Amino acid sequence: SKLNKYSRIVLKFSLMMVSRAVDSQPLLKEEFLKDNARFERLFVTGLMSSKPELRNIYIEAVAQMFVHFTRQPDLFSMFFSIVYINFEKCNKKDLSPEYFSLFSGALEEARTNNLLQQLGGHNILDTVVKVFQEH
């Protein structure tokens, strides 16, 4: 069923609260980085949802996290890895245009903030070019 207006607001706000809390509290950040498998499942489930409304909330929240975390390369890298690994492993026919936009935006954030090499630049770019050509 469709998310009502308030559910969308609460979900979006909750995702942003996670990012702000992790960003501002060193112990929480350490725990988040250490046990990111749970967060990875949560975000991938949302990013790949068959429900466009839910998927778009997650995509928008993760895109904002990329912008917010550019000054914290370890957190940026963690979220980038979630998006990239899922991008690399999934059936490309299942990807929405919004996911491509999210991934492209993340690459652009990484490039403009000199984080691309730290993330494995050439391998990522080769994969992206190949996938975009195939898709």
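Modeller: Happy to; what follows is a chat about a predicted model.

Colleague: Which residues have the most contacts inside the largest nonpolar core?

Modeller: Those are Phe 66, Phe 80 and Phe 103, in a core of 37 residues. The elements giving two or more residues to this core are α1, α3, α4, α5, α6 and α7. The largest share, nine residues, comes from α5.

Colleague: And what is Phe 66 in contact with, leaving aside neighbours within four places in sequence?

Modeller: Phe 76, Phe 79, Phe 80, Val 83, Leu 102 and Ala 106.

Colleague: Let's switch to α3. Which of its residues are buried?

Modeller: In α3, residues 37-47, the buried ones are Phe 43, Val 44, Gly 46 and Leu 47. They cover an arc of only 160 degrees around the axis, so they sit on the same side of α3.

Colleague: What is exposed on the other side of α3?

Modeller: Arg 38, Arg 41 and Thr 45 are exposed there.

Colleague: Now the charges. How many salt bridges does the structure hold?

Modeller: Two. One joins Arg 55 to Glu 98, with the closest N and O atoms 3.7 Å apart. That pair links distant parts of the chain, since Arg 55 is in α4 and Glu 98 in α6, 43 residues apart.

Colleague: Is Arg 55 buried or exposed?

Modeller: Arg 55 counts as buried because its relative accessibility is 14%, under the 20% limit. Glu 98 is partly exposed, at 28%.

Colleague: What about the pair of Arg 111 and Glu 108?

Modeller: Their closest N and O atoms are 2.5 Å apart. Both lie in α6, three residues apart, about one turn of the helix. Arg 111 is partly exposed at 48% relative accessibility, and Glu 108 is partly exposed at 37%.

Key:
Residues are numbered from 1 along each chain as its sequence is written. This is a predicted model: local features need pLDDT of at least 70, side-chain atom pairs count only at pLDDT 80 or more; totals for chains, interfaces and linings use all residues. Side-chain values use heavy atoms; hydrogens and water are left out. Buried means under 20% relative accessible area, exposed over 50%, partly exposed in between (1.4 Å probe, protein chains only). Helices (H or I, at least four residues) and strands (E, at least two) are DSSP runs, numbered from the N terminus. The arc is that of the directions from the helix axis to the C-beta atoms. A nonpolar core is a set of buried Ala, Val, Leu, Ile, Met, Phe, Trp, Tyr and Cys residues joined through side-chain atoms within 4.5 Å. Contact means heavy atoms within 4.5 Å. A salt bridge is a side-chain nitrogen of Lys or Arg within 4 Å of a carboxyl oxygen of Asp or Glu.
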